[in-house]
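Trainee: I would like to learn how the terms for this structure are applied. Please take me through a few of them.

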Amino acid sequence: MENPVIFSAPISFAPVISFAKVACAVQLSVLQHEVDQLVQNPWVDHVNKNDYQGGWDVLPLRCQRQHLNAHPILQGFAIADGDDWENLPVLAQCPAIVSIFNQLQCPIKAARLMRLKAGAEIKPHRDNQLSIEFGEARLHVPIHTSAAVSFFVDNKKIPMCAGELWYFNADQVHEVYNRGSEDRINLVIDCVANEWLCEQIRLGLLQ
């Protein structure tokens, strides 16, 4: 694979893309089984307590190398510059998740499972400069979800279904509501928005 292009300054996309489905082959039943085996692992509450109500927790899957043996809070939430990211040992149990990673022809940074408990909500907020316009991309794969889960970006609902890969613009205001009776679990991947990924996102707008 050629060396990826890393954007060093904001890139102009007209209009700004709020979300797009990205082509990806996902073995949903295998993926769900993998995640079901991880429920007993040590998940950690999301650290941004003011951004949600109810239960919202995280199981880190990739972190910066310096935190490989650190507390899961550092593995899941440490903010630092650098490109030295590593899979955590838990991924040895997760070939379906690794298969998704292997389809992404762009550098992968952080990755984690994020669980929004039944009845919980993530309040409207934004993650500054986390979008392809700034060279970063946040991707979601819903694993356990339902029609009672609503994910809004810039006041527009993303039509996410289980087993699909979606980009969304986290630099825009977004919010999530789980009004169902079961927990929602998504795979969340932060990537470098190289030329390949930006093209996949553009193609997703045409679907």
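Predicted model: local features only at pLDDT ≥ 70, side-chain atom pairs only at ≥ 80, totals over all residues.

Trainee: Why is Leu206 called exposed?

Mentor: Exposed means over 50% relative accessible area, buried under 20%, and partly exposed in between (1.4 Å probe, protein chains only). Leu206 has 70% relative accessibility, so Leu206 counts as exposed. Leu206 lies in the segment after helix H4 (195-205).

Trainee: What makes E8 mostly covered?

Mentor: Of the 9 residues in E8, 7 are buried.

Trainee: How do you know that E8 and E13 pair?

Mentor: Two strands pair if DSSP finds at least two bridges between them. E8 and E13 are joined by 8 bridges and run antiparallel, so they meet that definition. His144 has Ile185 in E13 as its bridge partner.

Trainee: How many bridges link E8 with strand E11?

Mentor: E8 and E11 (residues 165-168) pair over 3 bridges, in the antiparallel sense. There, His140 stands opposite Trp166.

Trainee: Which residues of helix H1 are buried, and how are they placed around the axis?

Mentor: Leu31, Glu34 and Val35 are buried in H1 (residues 28-37). They cover an arc of only 95 degrees around the axis, which puts them on the same side of H1. The arc is taken from the directions from the helix axis to the C-beta atoms.

Conventions. Residues numbered from 1 in each chain as written. Heavy atoms only, no water. Helix = DSSP H or I, 4+ residues; strand = E, 2+ residues; numbered from the N terminus.
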